[in-house]
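The sequence and the model are shown first, followed by notes grouped by topic.

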Amino acid sequence: MTRVYFVRHAQPDFSHKQDSDRPLSAEGKKDSALVLEILKDLPVDEFYSSPYRRSYDTIAPAAEYFGKTIRVVEDFHERVAGENGNIKEMFEKRWADFDFCEEGGESLNSVQKRNINALHTVLKENDGKSIVIGTHGTALSSILNYFNPDFNVNCFFRIIDWMPYIIELDFDGTKLIGQKELGHVLKTFRK
């Protein structure tokens, strides 16, 4: 069995416009302590992350605690948002039609394929290990939907403001055999 601890990043500094380089807010830095608190007594063999700064920085204290380096996987990055990409109506349209995307954006179908391919590679390289993957809300939601099609827009809205959010997924090869939510911090900032 391979165990994956997916860690959705802590709260970013939304005033920073460059998405891929957006740092954690002061609160996000403080809240990322929950990640270490949850992981510190668990066996962890490897750390992986999206290349986006907020995901990397959220798991960095835990990686340092375990004396591990974080391996960045480009395909674990978040969905490319286009015009008006972060309003409720757009979220609903994307979840209703996985091939829909706003101008300049990326569809959930594309996000899911990219993230699942990366996950399958990581699972094959780490059979029988416990690994941490620093991720994002939409990327993680597309992964959860892949393994459970009942994970829908309402499930996405349930976790949208959980930053950080830690969920444990157990795999036999690339088949999901169990999952458990380990913790989250609720941040309410969306309109």
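The notes below cover the sheet, the helices, the nonpolar cores and the cysteines.

The structure is a predicted model. Six strands form an open sheet of mixed pairing, in the order β3-β2-β4-β1-β5-β6. The largest nonpolar core has 30 residues, and a second, separate core has 13 residues.

**The sheet**

- In the open sheet of six strands, the edge positions belong to β3 (70-72) and β6, each of which pairs on one side only.
- From one strand to the next, the twist averages 20°.
- β1 and β4 run parallel and are joined by six bridges; across this pairing, Val7 stands opposite Gly134 in β4.
- β1 and β5 run antiparallel and are joined by seven bridges, with Val4 opposite Leu169 in β5.
- Strands of a sheet pair through backbone hydrogen bonds, in either the parallel or the antiparallel sense.

- β5 is largely enclosed by the rest of the structure, because ten of its eleven residues are buried.
- Nine bridges link β5 to strand β6 (residues 175-186) in the antiparallel sense, and Trp162 stands opposite Leu186 in β6.
- β5 and β6 form a hairpin with two residues between them.
- Gly173, in the turn of this hairpin, has a positive phi of about 65°.

**Helices**

- Helix α3 (residues 53-66) lies across β1, β2 (46-49), β3, β4 and β5.
- Two packed helices are described by the angle between their axes and the distance between the axes.
- α5 and α6 pack at an angle of about 80°, and their axes are 9 Å apart; α5 is therefore roughly perpendicular to α6.
- The α5 side of this contact consists of Leu108, Val111, Gln112, Asn115, Ile116, Leu119 and His120. These residues meet Thr138, Ala139, Ser142, Ile143, Asn145, Tyr146 and Phe147 in α6.
- Helix α6 (residues 137-147) is mostly covered, with ten of its eleven residues buried. Among the buried residues of α6 are Gly137, Leu140, Ser141 and Leu144, as well as Thr138, Ala139, Ser142, Ile143, Asn145 and Phe147.

**Nonpolar cores**

- In soluble globular proteins, nonpolar side chains tend to be buried together.
- Within the largest nonpolar core, of 30 residues, Phe6, Leu119 and Ile133 have the most contacts.
- At least two residues of this core come from each of β1 (2-8), α4 (88-96), α5 (108-125), β4 (130-135), α6, α7 (153-159) and β5 (162-172). The largest share, six residues, is supplied by α5.
- Leaving aside residues up to four places away in sequence, Ile133 touches Val4, Tyr5, Phe6, Val7, Tyr48, Phe76, Leu119 and Val122.
- The second, separate core of 13 residues includes Val7, Val35, Ile59 and Ile70.

**Cysteines**

- A disulfide is a covalent bond between the sulfur atoms of two cysteines.
- With a cut-off of 2.5 Å between cysteine sulfur atoms, the count comes to zero disulfides.
- Buried residues are those under 20% relative accessible area, and exposed residues those over 50%. Cys101 therefore counts as partly exposed, at 33% relative accessibility.
- Cys155 also counts as partly exposed, because its relative accessibility is 23%.

Conventions: Residues are numbered from 1 along each chain as its sequence is written. This is a predicted model: local features need pLDDT of at least 70, side-chain atom pairs count only at pLDDT 80 or more; totals for chains, interfaces and linings use all residues. Side-chain values use heavy atoms; hydrogens and water are left out. Buried means under 20% relative accessible area, exposed over 50%, partly exposed in between (1.4 Å probe, protein chains only). Helices (H or I, at least four residues) and strands (E, at least two) are DSSP runs, numbered from the N terminus. A nonpolar core is a set of buried Ala, Val, Leu, Ile, Met, Phe, Trp, Tyr and Cys residues joined through side-chain atoms within 4.5 Å. Contact means heavy atoms within 4.5 Å. Two strands pair if DSSP finds at least two bridges between them. Axes are lines fitted to C-alpha atoms, for helices over the stretch in contact, and angles run from 0 to 180 degrees between N-to-C directions. Angles under 35 degrees count as roughly parallel, over 145 as roughly antiparallel, 65 to 115 as roughly perpendicular and the rest as oblique.
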